Amino acid sequence: MSTTPLRTPLAPWHESHGGRMVDFAGWWMPVQYSSIVEEHLATRQAIGMFDVSHMGRLAIEGPSAHGWLESLLTRRVADIAVGQARYTLVTSDEGPSGVTILDDALVTRETDAPDGTPRFAMVVNASNRDRVVAWLRSRLPAAGLSFADRTADTAMIAVQGPLAVATVCVLCGDDDAGRISGLGNYRATRAFVAGQPAAVSRTGYTGEDGVEVVVQAAVAEDVWQAIHDAGAPRGLKPCGLGARDTLRLEAGMPLYGHELVASSDPFAIGLGLAVNLENAAGGPRQFPGRDALARMKAAEPSRVRVGLAFESKRAAREGSPVMAAGREVGSVSSGSLAPSLGHAVAMALLDRDVATVGTTTDVLVRDVPQAARVVPLPFYRRPSPRG
Amino acid sequence: MAEMKFAKSHEWVRPEAGGLATVGISKYAVEALTDLVFMQLPPVGKKVKAGESLGEIESVKAVSDIYAPISGEIVEVNAALPGQLDTLGADPYGAGWIVRIKPDDPAEMAGLMDQAAYDATVKS
């Protein structure tokens, strides 16, 4: 792409605070400020804050919002409660298998409008936003629904780490702080953060406790600075996309374009939980690609997603071939040094017969074999997960 | 001490007594890489041409080649360096040296940049 990258409302802050800016999925984003390892460890030990405003934020409102989303998403939406978020896939019924995965997304039922109209928010990947928006718009009903892309009007700040929630709560009134600290995982509420109206959800992409905060673009820098200043004495570091990637990799979370691609079998990559073939009553649901996904679920996949732990710090990268039993048995989808573990790890798709914990493999890293063992995912689990 | 010269690819080379030349990577390059995790040195005795890869350096984000700034034979490597990559950042022009080369043609160094010219290229 030769177009000028888009800028989040926080781009000037990143540039004036040492962010090393790169074009990521068409956005001008910091890959790191100081050091990926330092930013990663700050998130594990204290707080990391991330500008994730490049992620697509869609607003869906109207009396038919439930039914419309229920007819399009792989996760059940009909029974989603106010303040609940669900991880879902967005699919079409195109492609040789009868299903194409357009994206993975988080769908949240927000507080109803004052007149009782249901409101939903969807967060999609920056790299897929255009095609997901085009797809959803093409399926809009004639009436009863409003659909808006709010990405440019808002900003999204992820605050992650063991001290993250307490830090955000310092910036809220007592009622809001109590509600935020009491949020379960994948729950959301509205609150005033640093005096600004915000949508706050107990979600993230790091394997740590934390929240994601959506505010209006015009106040994004004020809110970001307030969180930064409140967290700095507790060890907060602003983090770039580099640490975001190493954190999600350690947490065993798939990334669209790597573990998850358009032709993926979600059951083979551990995303079966993102597909509800039946409704709450046990009857079949209808959404694009549903029958193809039912066939995938019934079949044994040829390759499945595994974790690989290396002895060395030398990282395999996407596409590195994995050898075992004298043959090529798969390839790496993501790999890096795992800063919390002190050695390299990777996620890979491997032939099912060798995809068992303990299998030893050789991964070809720039043609040089590196020993790696199949291990359970995630590589890292935070010491005392909340319930 | 003889003048240090720089390649566009961020390696430095310094002539030493006895006709050898010491090679390393610039402070700018080390700071740009950050989070170094791995380094691959060439075998002693390997012959390299200017611009050829003589090793690799890997950070959390990426793998980079280290290119020979001049042609010659690798006569010594800093074998301790891969085990203590912090040295590269702490002393890139001293203890962080990478290899010593016996140059094929000592005049080849004249084609490289001096410190001021190199500094100008990385300040853009």
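Reader: Into which domains is chain A divided?

Author: In this predicted model, chain A is divided into domain 1 (11-52 + 152-250), domain 2 (57-149) and domain 3 (302-380).

Reader: How many residues of domain 1 of chain A are in contact with domain 2 of chain A?

Author: Domain 1 of chain A places 14 residues in contact with 12 residues of domain 2 of chain A. On the side of domain 1 that touches domain 2, strand 9 (154-160), strand 10 (188-193) and strand 11 (196-201) of chain A each supply at least two residues. The largest share of that side, 3 residues, comes from strand 10 of chain A. By class, this side of domain 1 has 7 nonpolar, 5 polar and 2 charged residues. The centres of domain 1 and domain 2 of chain A, taken over C-alpha atoms, are separated by 24 Å.

Reader: How many bridges join strand 5 of chain A to strand 6 of chain A?

Author: Strand 5 of chain A is joined to strand 6 (residues 100-110) of chain A by 8 bridges, and the two run antiparallel. As an example to locate in the structure, Arg86(A) has Val107(A), in strand 6 of chain A, as its bridge partner.

Reader: What does the secondary structure of chain B come to?

Author: Chain B has 3 helices and 9 strands, and along the sequence they follow the pattern β-β-β-α-β-β-β-β-β-α-β-α. The radius of gyration of chain B is 13 Å, close to the 14 Å that the globule rule gives for 124 residues, so chain B is as compact as a globular protein of that length. Buried residues make up 40% of the 124 residues in chain B.

Reader: How many residues does the contact take from chain B and from chain A?

Author: The contact takes 8 residues from chain B and 12 residues from chain A. The side of chain B that touches chain A has, by class, 4 nonpolar, 1 polar and 3 charged residues.

How values were computed
Residues are numbered from 1 along each chain as its sequence is written. Chains are lettered from A and ligands numbered from 1 in the order in which they are written. This is a predicted model: local features need pLDDT of at least 70, side-chain atom pairs count only at pLDDT 80 or more; totals for chains, interfaces and linings use all residues. Two residues are in contact if their C-beta atoms, placed from the backbone, lie within 7 Å. Ala, Val, Leu, Ile, Met, Phe, Trp, Tyr, Cys and Pro count as nonpolar, Asp, Glu, Lys and Arg as charged, and the others, Gly among them, as polar. Domain bounds come from an automatic or database domain assignment. Helices (H or I, at least four residues) and strands (E, at least two) are DSSP runs, numbered from the N terminus. The radius of gyration is taken over C-alpha atoms; the globule rule is 2.2 Å times the number of residues to the power 0.38. A residue is buried if 20 or more other C-beta atoms lie within 10 Å of its own, exposed if 12 or fewer, and partly exposed in between; C-beta atoms are placed from the backbone. Two strands pair if DSSP finds at least two bridges between them.
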